[in-house]
Each structure stands twice: as structure tokens, then as C-alpha cells.
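I opened this model to take notes on its sheet, its helices, its domains and its ligand shell. The entries follow in the order I looked things up.

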Amino acid sequence: MNTDVQTWHYGAVARHWAENNTTGPEIAYYQRQIEQHGQPALDAGCGTGRLLIPLLRAGLDVDGCDVSGDMLAYCQQTAEREGLSPKLYQQALHGLNLPRHYQTIFACGAFGIGVSRQQDFMALQRFYDHLLPGGLLILENHPAYGQEASWPMWQKDARKHLPEPWPEYAGNIPEDDTEYELYYRLVAVNPLEQQTTGEMRTVVFKDKQIVSDTTFTLTSNFYFRHELQMLLEKAGFKVEAVEGGWTDADVTADDDVMVYFARKS
Ligand SMILES: C[S@@+](CC[C@H](N)C(=O)[O-])C[C@H]1O[C@@H](n2cnc3c(N)ncnc32)[C@H](O)[C@@H]1O
């Protein structure tokens, strides 16, 4: 595990991603973006390959990187099953050092988690350095106000109720042959730092016994629309557009995800 990055994408969480998160509107969206903006492309924070595998299947030249060896191992397994051979790199975004430059780099749900705000900015600089001249960064931003469950907890009075308790049934031996359970709770909100901390408890069962009970922590840094635009500009990018998540329309206040199109000049 990379101790410089604190995420929960390990063990049973990685397994859950591989087994359950295999679809979504992002796949067709990023395929179209790469076809339009060019290859080679880098899936930054590719995880178990939810996007990477279908993109490779579509014949696109896309590499993947991720900090979690567990997520990458599932990605590799799926790729091999399909006769695909992606170039996968186990690296943190803020320390990205790859042998190739890209026409398009995209980060889907992978920016702003597990690291400091300074490391987020370093990641933007690493993206810039890994683009070919004229290349495009397509960066997702998930603003705090789009997080339905946690946004009300940014209020002073609500924060007094943190950390949330685990559900009472957490860790109960299941009746059926369930092999693992995941439980989430919000632990802290820091409005000054625009950061939340959550925990994911993973309980693994075998023969009606608990084999492991592990709790991972994830910190998330949140950015408002203009703030991230300024950071991108500070890193050298020209922001050409900000779209609502996986649409081709300009972002509105009702979008829970915004996608930046940032050009390396
Ligand atoms: C929410 S998952 C998204 C995975 C994939 N992009 C998708 O959409 O299916 C976030 C991924 O980002 C990775 N990640 C989180 N922080 C990272 C960092 N600082 N550097 C590299 N990878 C990171 C995690 O390991 C995880 O695989």
C-alpha cells in the first residue's frame, strides 16, 4: 500500500469494484472524447478498468495508472481474460512519472482523494508534463454540494453528530453465503480545509466466521468551480470548457459532477 496516499481501494473494496462497478455513462462519454481529442490516452486512476477495459476493447490506445495495486490486479485479470494487454502503472497521481506522453489524459472520480491539496496541485502539474503539446486534460470535479448525504453535515450543528455510528448490524454474520460486506460512515467534515473524512469497514466471512475486519480511511478534498479553474490555470492549462457530468452541455448549478477541458498550450 502507498502510505503517501490514504484511500480505501484495497482488499474487499477492490473486489467490490471489480465485481459490481462495470458500467456507467462515463464509458461511452470518454470513448467519444478520446476519439475526438486524440490518442494515446491515459486513464489516470483507472481502478479495476471499468473504463479502461471497454476503451481497449474499442481499439483505443489507452494506458492506465492507479495507486492501488489491488485495483490494478483486478484490472489486469479482466484484461487477460479478454486477451487485452494494457500498460498499467502503479503510481500516485502527484508523483506520476511515465515513459510516454499523451494526447489526452482523463481522470474519472480519481482527483482530490487520499492526498493533500498541495499534492492535488502537483498532480495537475504532472498531468501537464505528461501531455503532448496541444494535448487535453479532461478532469472530473465532484463538488461537495453534489454529495447528497454529506453536504448537510457541513453545517456547524450537524458536525457535532460526527463521527456517524456504524450501522447496528455491521459485522453480523450473514444468514446466506455472503463473502464480504462493506459499511461506510462519515467521520469528519472540515469546512475550512474543504475536506471530508470517511471510513469504509470491510468484513470478510468464510464458513460463517469473520476472517478479517478492516477499516480504511479516505479523505476527499473539495473544489468549487472557479477554484479548480484557477488551479488548472496556475498549472499552465487553458480551460476551454466546463461541462456538466458526461453531457456535452455547459455545466449548470444542478450538475453534481463537472468536467473540465484543460488544454496544454
Ligand atoms: C472512485 S475509483 C474510480 C476508478 C475508475 N476511474 C472508474 O471510474 O471506474 C478511484 C480510483 O482512484 C485511485 N486513486 C485514488 N487516489 C489516487 C491517487 N492519489 N493517485 C492515484 N490513484 C488514486 C483509487 O485507487 C481508485 O482506483
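**Notebook: sheet, helices, domains, ligand**

Strands pair here if DSSP finds at least two bridges between them. Strands (E, at least two residues) and helices (H or I, at least four) are DSSP runs, numbered from the N terminus. Within this pair I found A107 opposite L139 of β5.

Before going on, I noted that this is a predicted model: local features need pLDDT of at least 70, side-chain atom pairs count only at pLDDT 80 or more, and totals for chains, interfaces and linings use all residues. Residues are numbered from 1 along each chain as its sequence is written.

Next I traced the whole sheet. It is open, has seven strands with mixed pairing, and is ordered β3-β2-β1-β4-β5-β10-β9. β3 (88-90) and β9 (237-244) are the edge strands, each pairing on one side only. From one strand to the next, the twist averages 20 degrees.

Then I checked what packs on the sheet. α4 touches β2 (62-66) and β3, and its direction makes about 165 degrees with that of β3. Angles run from 0 to 180 degrees between N-to-C directions, with axes fitted to C-alpha atoms, for helices over the stretch in contact. Contact means C-beta atoms, placed from the backbone, within 7 Å. α7 (residues 225-234) lies across β5, β9 and β10 (258-264), at about 150 degrees to β9.

I moved to α1 (residues 11-20), where A12, V13, A14, W17 and A18 are buried. These buried residues pack against α4 (69-81), β6 (180-190), β7 (195-206) and β8 (209-221).

For domains, I read domain 1 as 11-143 + 223-264 and domain 2 as 146-220. The bounds come from an automatic or database assignment. Their C-alpha centres lie 26 Å apart. Across the interface, 12 residues of domain 1 are in contact with 11 of domain 2. The domain 1 side has five nonpolar, five polar and two charged residues.

Last, the ligand. I found 21 residues around it, with H9, G45, G47, R50 and S68 coming nearest. The cut-off is a C-beta atom, placed from the backbone, within 6 Å. The shell divides into 11 nonpolar, eight polar and two charged residues. Nonpolar covers Ala, Val, Leu, Ile, Met, Phe, Trp, Tyr, Cys and Pro; charged covers Asp, Glu, Lys and Arg; the others, Gly among them, are polar.

How values were computed
Contact = placed C-beta atoms within 7 Å. Buried ≥ 20, exposed ≤ 12 C-beta atoms within 10 Å, placed from the backbone.
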